[in-house]
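Here's a quick briefing to read alongside the model. Have the structure open and follow along topic by topic.

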Amino acid sequence: MTAAAEPLLAVRGITKHFAAKGPPVRAVQDVSFEIGRGEVLGVVGESGCGKSTLGRLVLRLVEPTTGTVAFDGTELMALAAAELRRFRRHMQMIFQDPFASLNPRMTVGEALAEPVRFHDGLGRAAARDRAAALLAQVGLGAEHLDRYPRAFSGGQRQRIAIARALATAPRFLVADEAVSALDVSIQAEVVNLLKSLQETFGLALMFISHDLSVVEAISDRAMVLYLGRVMEIAPIDDLYSRPAHPYTLALLQAAPGGGKRGGDRLILKGEIPSPSAPPSGCVFRTRCPFALADCARDIPRLTAVRPGHLKACIRDDLTL
Amino acid sequence: MPRVQDVPSIPPAGRADDGGALPPVLDVQDLKTFFPTDAGTVRAVNGVSFAVREGETLAIVGESGSGKSVTGLTIMRLLGRAGAQIAGGEIWLTRGDGNRVDLARLADADMERLRGSEIAMIFQDPMSSLNPVFPVGEQIAEPLRLHKGLSRRAARAAAVELLALVGLSDPARQVDAFPHQLSGGMRQRIMIAIALACEPRLLIADEPTTALDVTVQAQIIALLRALQARRRMAMIFVTHDLHLVGDVADRVAVMYASQVVEEGPVADVLATPAHPYTRALLACVPRQQRGEKRRRMTPIPGTMPSALAVPSGCRFHPRCAHAAARCIEAVPALEAIAPDRRARCVRWREIGP
């Protein structure tokens, strides 16, 4: 592999089990994928699929049970705490609730200046100038520098959270349900902002969301998770127009306006099993309308349907 | 049966019924709900009119602050906490016996008897509506004992039947489960069972699937539609999701800044939205068919006006791509644009479908 083709992020066999009363919660199970430089990978799935844990794992905000994450050739798991702290400037995260990640007692200017003072050692005046420049990047004027988070609307707060994430000029951003709490008209605004920043700065983005239409709007590729495992991963247009895994099809048809009204929509029975006791073999088989006896035996491997389009399903005979 | 006395039960003349047809189950006329605040009066619902017929679902769609939820709460007369008042308008409910009552002027005690028996409501968060210390069966049995006078034993048997109706597996066992033992989707099924226990004529569902995963949301929507078809119940489905409207409703009323800006059959409104706000809302999250080229999300410029400072004229004019001088002068009427459609836009003809 040449240096240019080397991915920015390479995740190998990452697994996270959380200790619990009784059997451990298997939040993420043997997940491997790559994100290219400047690429947007959407991560979709329902509650309990492990998508948020996965976002924290790739930034090493939680320690994996097993598995590795390489960022631009640097093995994250090998870094000591102080090294990791310095390294974090390359990788940032934004969350669903920007209010929870902004200190209510800090003005926006102070919140934006803090990371540049820590990472770049800028003085007070230089840091304030940089804060104003960051606000401008997310479409807010310098007059907002001395205001507190409570004075802003939800969409504005998410812009501020994005500005703060950009403060250290990262090359990779994890956005965890970053627009889920916003009204649709503001969702579009924030998604377009993220997309234009991603294009301008060549940022790579891992965009985690339960909302398939938002993922479709922003992603180059998407990965579908169910009970901690990858069901399917493919270029975005291919995934939405030619889903190869029954779960992906069910998700697409269940999405509002995504399926035909009436009886011919695929409606899954039951609910997601507990991640403490996932089904044997294919974890989706208990809700899959196409499951066979064999599906209970082996964990299906991710195999290529087409170049770049992988699915974890042994049924190759289905026309979805 | 509950009895309602001392209320006007003859509707005023000149109501828009399509001659000979049954009167709508609910007929809301020029409804106004105001909240007094320190900063001034918030007109949360300001002149809203619509009707819902038997077996029909009307979706009320809008963003935060549009007044959609307050409209539902006003019909249920559940405004108490925030000091909100019905400041005008009429809410005519056609009762099971054919009499019509104006819920806006009904005495509290009479309203209490109607609530849970003839009209019922479900909410986004079933956990906050369910009592954590009682088994779900008792909570389903309660309205049956209260409104229908069933014995404890008969109410329990009915609760088991209702649990089966809303699709819970093993209802004879689940009837003794506590809310915390159930998943979010199952809790919402329980709420639906409680709401349907007394066979209401009208169900108001306020974002009932917003907190659920999409595959579970699809289940709940299918359940609501099946139950509604079976019982010929009228339903008001309050949601922020314009695309969900197409899956659940027959008609839709789009609300913006306390007013209905467009109303009509769902398929028509989604296919050829007449009001610029409806169009803008659809463009925020475009849906494409398989194989169609990907469209970019288009935000609506500007922000939702504060309820304390609504713009003059058309409330959407500061954000509207089609705004003209006359849009600022007077509040546009909700005018008929087709036999079964209305829009609150003076330029609907010029801007075309």
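**Cysteines, cores and folds**

A search through the whole structure, which is a predicted model, turns up zero disulfides over all chains.

**Cysteines**

- Cys313(A) is in no disulfide, and the nearest cysteine sulfur, that of Cys288(A), is 6.3 Å away.
- Is Cys313(A) buried or exposed? At 11% relative accessibility, Cys313(A) counts as buried, because the cut-off for that is under 20%.
- Over in chain B, Cys320(B) is in no disulfide either, and its nearest cysteine sulfur belongs to Cys345(B), 6.4 Å away.
- Cys320(B) is buried too, with a relative accessible area of 17%.

**Nonpolar cores**

- Which residues touch the most other members of the largest nonpolar core? They are Ile162(A), Phe207(A), Ile190(B) and Ile192(B), out of the 130 residues in that core.
- The element that gives the most to this core is helix α8 (residues 214–231) of chain B, with eight residues.
- To see what surrounds Ile162(A), leave out residues up to four places away in sequence: Ile162(A) then touches Ile94(A), Val138(A), Val190(A), Leu193(A), Leu194(A) and Leu197(A).
- There's also a second, separate core of 38 residues, and its members include Val25(B), Leu26(B), Val28(B) and Phe50(B).

**Chain B as a whole**

- Chain B's secondary structure comes to 13 helices and twelve strands.
- How does its radius of gyration sit against what a compact globule would have? For 353 residues the globule value would be near 20 Å, and chain B has 21 Å, which agrees.
- Along its principal axes, the C-alpha trace of chain B spans about 65 × 55 × 50 Å.
- Buried residues make up 55% of the 353 residues in chain B.
- Among the contacts in chain B with a separation of 6 or more, 64% come from residues 24 or more positions apart.
- Chain B splits into domain 1 (23–118 + 202–272) and domain 2 (119–197).
- The C-alpha centres of domain 1 of chain B and domain 2 of chain B are 23 Å apart, and the contact takes 34 residues from domain 1 of chain B and 17 residues from domain 2 of chain B.

- In chain A, six of the eight residues of helix α1 (residues 51–58) are buried, so the helix is largely enclosed by the rest of the structure.
- The buried residues of α1(A) are Lys51(A), Thr53(A), Leu54(A), Gly55(A), Leu57(A) and Val58(A).
- Arg60(A) follows α1(A) and has a positive phi, near 55°.
- In chain B, eight of the nine residues of helix α1 (residues 68–76) are buried, so this helix is also largely enclosed by the rest of the structure.
- The buried residues of α1(B) include Lys68(B), Val70(B), Thr71(B) and Gly72(B).
- Arg77(B) follows α1(B), with a positive phi near 60°.

**Strands in chain A**

- Four strands of chain A form an open sheet in the order β2-β1-β4-β5, with antiparallel pairing.
- Which strands stand at the edges? They are β2 (25–35) and β5 (74–75) of chain A; each has a single partner strand, so one side of each is left without a neighbour in the sheet.
- Strand β1 (residues 9–18) of chain A is joined by five bridges to strand β4 (residues 66–71) of chain A, and the two run antiparallel.
- Thr15(A) stands opposite Thr66(A) in β4(A).

**Around Ala222(A)**

- Ala222(A) lies in strand β9 (residues 221–226) of chain A, and is buried with a relative accessible area of 1%.
- Ala222(A) and Glu232(A) are ten residues apart along the chain, with their C-alpha atoms separated by 8.2 Å.
- Setting aside neighbours within four places in sequence, the contacts of Ala222(A) include Leu41(A), Gly42(A), Val215(A) and Glu232(A).

Methods: Residues are numbered from 1 along each chain as its sequence is written. Chains are lettered from A and ligands numbered from 1 in the order in which they are written. This is a predicted model: local features need pLDDT of at least 70, side-chain atom pairs count only at pLDDT 80 or more; totals for chains, interfaces and linings use all residues. Side-chain values use heavy atoms; hydrogens and water are left out. Buried means under 20% relative accessible area, exposed over 50%, partly exposed in between (1.4 Å probe, protein chains only). A nonpolar core is a set of buried Ala, Val, Leu, Ile, Met, Phe, Trp, Tyr and Cys residues joined through side-chain atoms within 4.5 Å. Contact means heavy atoms within 4.5 Å. A disulfide is a pair of cysteine sulfur atoms within 2.5 Å. Two strands pair if DSSP finds at least two bridges between them. The radius of gyration is taken over C-alpha atoms; the globule rule is 2.2 Å times the number of residues to the power 0.38. Domain bounds come from an automatic or database domain assignment.
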